[in-house]
Number of protein chains: 8
Amino acid sequence: MNDPVSKSPVAILMGSASDHDVMQHARETLRQFGIDPIYRVASAHRTPGLVAKLAGNSEDYGIKIFIAGAGGAAHLAGVIAAHTVCPVIGVPITSALDGLDSLLSTVQMPGGIPVATVAIGKAGAKNAALLAVEMLAINDSELRNKLLNFRKEQEEKIINTSLPE
Amino acid sequence: MNDPVSKSPVAILMGSASDHDVMQHARETLRQFGIDPIYRVASAHRTPGLVAKLAGNSEDYGIKIFIAGAGGAAHLAGVIAAHTVCPVIGVPITSALDGLDSLLSTVQMPGGIPVATVAIGKAGAKNAALLAVEMLAINDSELRNKLLNFRKEQEEKIINTSLPE
Amino acid sequence: MNDPVSKSPVAILMGSASDHDVMQHARETLRQFGIDPIYRVASAHRTPGLVAKLAGNSEDYGIKIFIAGAGGAAHLAGVIAAHTVCPVIGVPITSALDGLDSLLSTVQMPGGIPVATVAIGKAGAKNAALLAVEMLAINDSELRNKLLNFRKEQEEKIINTSLPE
Amino acid sequence: MNDPVSKSPVAILMGSASDHDVMQHARETLRQFGIDPIYRVASAHRTPGLVAKLAGNSEDYGIKIFIAGAGGAAHLAGVIAAHTVCPVIGVPITSALDGLDSLLSTVQMPGGIPVATVAIGKAGAKNAALLAVEMLAINDSELRNKLLNFRKEQEEKIINTSLPE
Amino acid sequence: MNDPVSKSPVAILMGSASDHDVMQHARETLRQFGIDPIYRVASAHRTPGLVAKLAGNSEDYGIKIFIAGAGGAAHLAGVIAAHTVCPVIGVPITSALDGLDSLLSTVQMPGGIPVATVAIGKAGAKNAALLAVEMLAINDSELRNKLLNFRKEQEEKIINTSLPE
Amino acid sequence: MNDPVSKSPVAILMGSASDHDVMQHARETLRQFGIDPIYRVASAHRTPGLVAKLAGNSEDYGIKIFIAGAGGAAHLAGVIAAHTVCPVIGVPITSALDGLDSLLSTVQMPGGIPVATVAIGKAGAKNAALLAVEMLAINDSELRNKLLNFRKEQEEKIINTSLPE
Amino acid sequence: MNDPVSKSPVAILMGSASDHDVMQHARETLRQFGIDPIYRVASAHRTPGLVAKLAGNSEDYGIKIFIAGAGGAAHLAGVIAAHTVCPVIGVPITSALDGLDSLLSTVQMPGGIPVATVAIGKAGAKNAALLAVEMLAINDSELRNKLLNFRKEQEEKIINTSLPE
Amino acid sequence: MNDPVSKSPVAILMGSASDHDVMQHARETLRQFGIDPIYRVASAHRTPGLVAKLAGNSEDYGIKIFIAGAGGAAHLAGVIAAHTVCPVIGVPITSALDGLDSLLSTVQMPGGIPVATVAIGKAGAKNAALLAVEMLAINDSELRNKLLNFRKEQEEKIINTSLPE
């Protein structure tokens, strides 16, 4: 296996290389908060061993939170969650049915194995990162302050938006 | 693990004991054709090790075809398929969204790992069994004749149906 | 305002008293892990002041994570998230459209304000609690061990399920 | 806050600047009837304070009717409605799921806090404006006559349409 | 025609007698605000003449606002709106497809003829009445005060809800 | 009113000029069978008088069958059907929700007023014409023979299709 | 084959005996107009020969119009239409997905083979019969008068409906 | 009829020539495994005789498995299955409703006549071929080894994917 070179508290996995267009927004957002995530392709169906290895040995990689992006019958987040008690965040990627299939496959988990699902596509990828930061900020007041600043800047940007006449 | 007592060419797995109401129709139909299947609960999310063991060692159990019933984010068929090159038949079980979530989670598999999906609920369970018999009948002319008889009886029963005046 | 009598790291809010049937499963699960949550009705639409007060002053109540259950145009989780950087978990409650409306209203948040959405109904309520425990367990090895035990018991229970002949 | 320079009986708010492409049709239609609306970005999630201020102090701005355009988990109209007893008209903006999520998030309000929802996208934006004019025309016979003229011209235009041979 | 005995500023029409179960909630809510509405069955498809007469001659009946409840291919609100410039509020009634058909048939009006759509079923019927009151309150400060009281009582009731231990 | 210059047994009406792209396929198909239909824009909502006039006086125009194309809250076919006992064929035109709204608004008619609904878009427009021809052919053996020829040619064309190697 | 004892201009076929609950409403309505239809079970999938025989030899049975009721992957109407140029009316029967699957399987026919689809369930069955009568009435003024009377009585019944106070 | 020049254990049929863009992926995948399939257009609706002939006489062509691709009211797989006890694999092709109609028309088969349904579009076409190979491999260890190699290469390719920095 092509081992991750660095450890990180957040691992972003995606079902196929084509999901990178969406998932890079999660990586960018994490980097804004000073977190450089593990970032790689790992398919629940085509590389089940790799997924079980990463999820089942999260401590070896320093991983505290998983973010999983997948489309269609999007099983990646659920399969990761089956192998770890770290929080798993699922990002449904747009597919044949506009992402409705991806969303339902990610969110409708049976009682006992939770997946924290966010919105379909790019907005969801960004929010997956923010959610991971919020989780880490529960015990990290510096990170919490960064989040409060992020929110404040976001608010001001919208308040100051000017629209065409 | 609570090992299956007998070997069988067909294994029926289901995500939870509540799926038995639907999945028993698959077992009954197989028995009509003289096949007594392995029949047990195995959850993709709550017992990933059991699923990987059964799917990954199908030859040890004599299994040639898997039938998997699950509801909601129904990953069972897909997770089995990730561990075997035996044909895997998925039965979506009715859930919160009438089974639409179960259906999409089962059928929308990515290229490379197929799942043969049948109808939601009881009709699907029956057809999963028939489909398994059809697969086995490719090289078993006796079984093929049983199928032809089954079809003929089914046809006659409908032709002779009488409706209330 | 009818102030919560005790502080808790987890607050469960729900849009109407009729949501209690579902949301009690979140409370029960948290109690299994030794957490007695704040638990009350608070509507995004009918009591916006109460929601803003609880979400905007989470530190006063010791709240580290919010769980919000609502149906229909389920805005509660999103409105809480607008007022806090604590993680917010949304539970869609079944409604006129089987909960599809509740799900989409909860999960499709715009980039910038995340909500961690779980499954519709009772399974989701249980998983919301487990997800909250997973978040708290990031920095609490005792809680992490409880989660690992919970998973192990859950796995064994399924492996030992016996189905009717 | 970047205060509105003029007062108006109608305020058009939208969740993000990208909604302007749709919402400008509401502004144009209002201007056809001699009403120059307040027109600005205000997000239920990213600027909850701004929304509460505008909706909760509608009288200070002379606002009698709100029009709110938003996509995805479109909470804007509902959050405005929570803070005012002025009529609130919601325009669902097309999003990841073709606007079905926006529509359901806007229209499926709980009993007690109404939102008057119109069609998804441009047609809805135009109709939101017409609906606002109809409300104002209840007590304004001049405006009512303008509406009758608008309808008459619209009818004649369609009756006189010629189609290609 | 079976003429309404009294005039009223609000007319509630419904496509069939079976819609009364839902629509009575609109009547009850209006009565709470001192308005006794015209209340009758009138089908867009089976009594087009009656609908055109009531909508086209609203002034004769003192009608200022229409509320229309219908299910399935719910054309009633749209057909009323085609004949009047009074605001028309549409209530989708649950039907074969859980009311999704009723909702889309009511809300997706073309640009030029608005319908103010509320939620499917009982909550929508109640909100249709509140929306009508909000429209009338634009120029009626006494009614506006009643609405403010209604909101206040509603808020207090929720704040004081106690849930089972 | 801009009266039709010629009488025809089939009238094709459409809700807006933009529907011509789809509905011209109905006209073309009818012309293949020697029928030149009345063909014009007539909106259920924006020109209710025109629709009532054409539908209510079908005999004056020689109309035996109506074809109505509309999108969104597609009431046109239903409103025509309310005014005539001639068969009415509805063609749902693609709209904001891919035509699902158009389809449900057209097909889900209440018992008592039928609309014969065909597929969404171009295929539906062609089939609306064929369906009208089939109806007229019930009592016209020459037309019936043309249909049989049409079917035969269609069949041969498909049988002789060659696909790329 | 269990041959129909009498000839009739209308044949009602249904995919299974369980569809009788819905389809009897089509038979009853036809009988109100003096037409006693052929009425029997015939499955597109389980009795393809029977369906091809009835549809391909419609003249032998005096059949001018087919009505087909089926649920799920409702192919019956389409398969009949493939074998005849008589008008075929499809009635979607409620199934696992509330009849959405039945509706789409019936209505979304490819260009070249039309099916006249009516509403899901009982209302659709009644309307299928009325549509058949409308088709026959194109050349039968007595039947046309019966339809006009039916409409008039239906209208009066609704106009005279009294609702509870 | 334009007879197939060669016999093959797998026949790929598609409803129209436009389905070739998708279905060629099934042919390509089969060829990777050394199987050159029968490959032609055959419409359930427009060429019912051809479909019945191919499905009903599968032995004459050496066919052991059918793959059927169709869109909209996709009856092809079901109609083939009605005429054979060979396994039939259905590929839903994207259409007006993003392929949801094609999927439901293919998968929701009644008990008694199974269709093995795969994902919508290109991924489904590829998986249909793999599923056919899996069925043939039940009794062909060489083919089984090819499948195991295919899986291994697929896994390695994903494990070695490198993503942009």
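Across all chains, a search of the whole structure finds 8 aromatic pairs. Rings of Phe, Tyr and Trp (its six-membered ring) pair if their centres lie within 6.5 Å; planes under 30 degrees apart count as stacked, over 60 as edge-to-face and the rest as tilted. The model is predicted, so local features need pLDDT of at least 70 and side-chain atom pairs count only at pLDDT 80 or more, while totals for chains, interfaces and linings use all residues; side-chain values use heavy atoms, without hydrogens and water. Residues are numbered from 1 along each chain as its sequence is written, and chains are lettered from A in the order in which they are written.

One of the pairs is formed by Phe33(C) and Phe150(C), which are tilted, with 5.6 Å centre to centre and 50 degrees between the planes. Phe33(C) lies in the loop between α1 (20–32) and β2 (38–41) of chain C and Phe150(C) in helix α6 (residues 141–159) of chain C, so the pair ties together parts that are 117 residues apart in sequence. Helices (H or I, at least four residues) and strands (E, at least two) are DSSP runs, numbered from the N terminus. Both Phe33(C) and Phe150(C) are buried; buried means under 20% relative accessible area, exposed over 50%, and partly exposed in between (1.4 Å probe, protein chains only).

In chain F, Phe33(F) and Phe150(F) form a tilted pair, 5.6 Å centre to centre with 50 degrees between the planes. Phe33(F) is in the loop between α1 (20–32) and β2 (38–41) of chain F and Phe150(F) in helix α6 (residues 141–159) of chain F, so this pair ties together parts 117 residues apart in sequence. Phe33(F) is buried, at a relative accessible area of 4%, and Phe150(F) is buried at 13%.

Rings also meet charges. The charged end of Arg27(F) sits over the ring of Tyr39(F), 4.0 Å from its centre, where a charge sits over a ring if NZ of Lys or CZ of Arg is within 6 Å of the ring centre and within 35 degrees of the ring normal. In chain E, Arg27(E) lies over the face of Tyr39(E), at 4.0 Å from the ring centre.

Turning to chain B, His25(B) is placed in helix α1 (residues 20–32). His25(B) counts as buried because its relative accessibility is 18%. Leaving aside residues up to four places away in sequence, His25(B) touches Lys122(B), Ala125(B) and Lys126(B), contact meaning heavy atoms within 4.5 Å.
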